[in-house]
Amino acid sequence: MAILNFFGNFGSIRFVITPSVFNTLNEDAAGKFLRFAFPRMFLYGFILSFFAFATALVSGDVIFYSVPFISGLFFLFNTYIITPKINLYRDKFKAGELIFEKKFKQFHFISVFIFLCQLLSSISLVVLYFI
């Protein structure tokens with residue numbers, strides 16, 4: 001159930017809320033909002049992953065508890081390592097240090113890639129569960 005919650009919440013945030021923010025707010029306001037929202041979203045993802053891990057641990061099936069465990073670790077990695085670097089490089093780029101644009105884009109890509117892997121692995125678990 002935690003995996004379904006994760007899929008619904010984070011799918012809507014990535015594919016509905018984020019584009020809506022950029023379509024309705026100016027760039028600075030959108031940036032402030034997303035800097036506030038994404039670290040909290042990642043921590044929420046960690047909590048959901050922890051509950052999915054704890055619930056799946058009871059089943060004894062390695063795949064059902066290893067995926068949420070690894071996903072939870074990546075949420076922490078994204079929260080405390082990747083996101084601060086994204087913000088730092090974005091600030092330096094916006095301040096005129098153009099050499100940081102490439103670093104910003106690289107770390108942003110890493111963050112999105114990790115998130116998509118988490119989302120796809122969660123979908124895979126749901127499919128496996130119902131097969």
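Helix α3 is followed by G96, whose phi is positive, near 105°. The model is predicted: local features require pLDDT of at least 70 and side-chain atom pairs pLDDT 80 or more, while totals for chains, interfaces and linings use all residues. Residues are numbered from 1 along each chain as its sequence is written, and side-chain values use heavy atoms, with hydrogens and water left out.

The mean pLDDT (the predictor's confidence in each residue, from 0 to 100) of the protein chain is 87, and 89% of the residues score at least 70. Helices are DSSP runs of H or I with at least four residues, numbered from the N terminus.

From its first C-alpha to its last, α3, with 33 residues, reaches 45 Å, close to the 48 Å expected at 1.5 Å a residue; the expected span is 1.5 Å times one less than the number of residues. A bend of about 40° occurs in α3 at N78, taken between axes fitted to the seven residues ending there and the seven starting there.

Helices α2 (residues 27-59) and α4 (residues 100-130) are the partners of α3 in the table. Axes are lines fitted to C-alpha atoms over the stretch in contact, with angles from 0 to 180 degrees between N-to-C directions.

| Pair | Axis angle | Axis distance |
|---|---|---|
| α2 and α3 | about 165° | 6 Å |
| α3 and α4 | roughly 160° | within 9 Å |

The angle between α2 and α3 makes them roughly antiparallel (over 145 degrees). By class, their contact has 15 nonpolar, 9 polar and 5 charged residues.

Methods. Helix = DSSP H or I, 4+ residues; strand = E, 2+ residues; numbered from the N terminus. Parallel < 35°, antiparallel > 145°, perpendicular 65-115°, else oblique. Nonpolar A, V, L, I, M, F, W, Y, C, P; charged D, E, K, R; others polar.
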